[in-house]
Amino acid sequence: MTASAERLLDGQRAIVTGASSGIGAAVARALAAAGARVIVNFIGGEERAGQVVGDIAAAGGKALAVRADVSREDQVRSLFAAAVDAWGGLDILVGNAGVQRDAALVDMTLADWDTVIGVNLTGQFLCAREAARLFLKQGARPEVSTAAGKIICISSVHDVIPWAGHVNYAASKGGLNMMMKSVAQELAFHRVRVNAISPGAIKTAINRAAWETPEAMARLLALAPYGRLGEPDDIGKAAVWLASDESDYVTGATLYVDGGMTLYPGFIDNG
Ligand code: BGC
């Protein structure tokens, strides 16, 4: 049988953090549609996580919902143990869990800072470390993938675009960029590939205020010259590619899936 594009991940096992809604849910569905068994991690929203698992099962895939706060070391350990219990190991980690706690710098509380750094950066570290430990222990499984493991960090265009009113978030994503590259450098020799996807404005609950009125949408589209808002599935497709052997020589890279947001569209008729 010729491998079809939808089955690029047959036989592989994945964890997607923050997968009960938005980008994470779309990534979980896309990986499952490509043949992977998926742990749908959530922290709140147990019902929504159950829905994602149900949708995957209805489409003929396999998934399991597991609650864990990625900023907590003990819970991250349990999350990865659940993957080993359920599927016998792991091939793909998609670190997606992320939060915003927006405030002007002068009003930003230490709790706002700590929460965002804790989930968006420390959470990525804890999950990447646990995935790496497993990948190195398991070794390669050439029958399913050339690589001995894949880590995909879901970052943001704000790993390069400064963002007033969101210094905690931009700092977490800027930090994630160097964490991803340093981990990629460290693990390449072990044939573990580590990459990031940096989404622009994707239509999810996290940025509802930025698209829910026509005026807000017009302002947002001025920042995305491709002329539409991103859909969660735009990220799902990119994640399948980065998790598959189709991207086998790609490591330490950031794929901007942003409709041109990082092309500085403000310069189209200025400067
Ligand atoms: C943020 C969104 C924002 C987008 C573009 C994302 O990382 O979570 O709130 O709309 O970047 O600015």
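Predicted model: local features only at pLDDT ≥ 70, side-chain atom pairs only at ≥ 80, totals over all residues.
Local features were considered at pLDDT of at least 70 and side-chain atom pairs only at pLDDT 80 or more, whereas totals for chains, interfaces and linings use all residues. Residues are numbered from 1 along each chain as its sequence is written, and side-chain values use heavy atoms, with hydrogens and water left out.

Helices are DSSP runs of H or I with at least four residues, numbered from the N terminus. Helix α1 (residues 22-33) packs against helix α7 (residues 232-243) at an angle of about 50°, with the two axes 8 Å apart; the axes are lines fitted to C-alpha atoms over the stretch in contact, and the angles run from 0 to 180 degrees between N-to-C directions. That angle makes α1 oblique to α7, given that angles under 35 degrees count as roughly parallel, over 145 as roughly antiparallel, 65 to 115 as roughly perpendicular and the rest as oblique. The crossing of α1 past α7 is right-handed, a term for the near helix being turned clockwise from the far one by less than a right angle. On the α1 side, Gly-22, Ile-23, Ala-26, Val-27, Ala-30 and Leu-31 take part, and they meet residues of α7 including Pro-232, Asp-233, Ile-235 and Gly-236, where contact means heavy atoms within 4.5 Å. By class, this contact of α1 with α7 comprises 10 nonpolar, 2 polar and 1 charged residues (Ala, Val, Leu, Ile, Met, Phe, Trp, Tyr, Cys and Pro count as nonpolar, Asp, Glu, Lys and Arg as charged, and the others, Gly among them, as polar).

Helix α1 also approaches helix α2 (residues 46-58), their axes coming within 10 Å and crossing at roughly 20°, so that α1 and α2 are roughly parallel to each other. Here Ala-25, Ala-28, Arg-29 and Ala-32 of α1 meet Val-52, Asp-55 and Ile-56 of α2, a set made up of 5 nonpolar, no polar and 2 charged residues.

For helices α4 (residues 110-138) and α5 (residues 167-187), the axes come within 9 Å and cross at roughly 15°; α4 and α5 are therefore roughly parallel to each other. Their contact has 13 nonpolar, 5 polar and 2 charged residues, and among the α5 residues that meet α4 is Tyr-169.

Tyr-169 also belongs to the residues around the ligand, together with Gln-100, Ser-156, His-158, Trp-163, Gly-200, Ala-201, Ile-206, Asn-207 and Met-261, each having a heavy atom within 4 Å of the molecule. An oxygen atom of the ligand lies 2.6 Å from a side-chain N or O atom of Gln-100, and the corresponding distances are 2.6 Å for Ser-156 and 2.7 Å for His-158.

Methods
Helix = DSSP H or I, 4+ residues; strand = E, 2+ residues; numbered from the N terminus. Polar contact = N/O pair within 3.5 Å; in protein donor to acceptor, adjacent residues only side chain to side chain.
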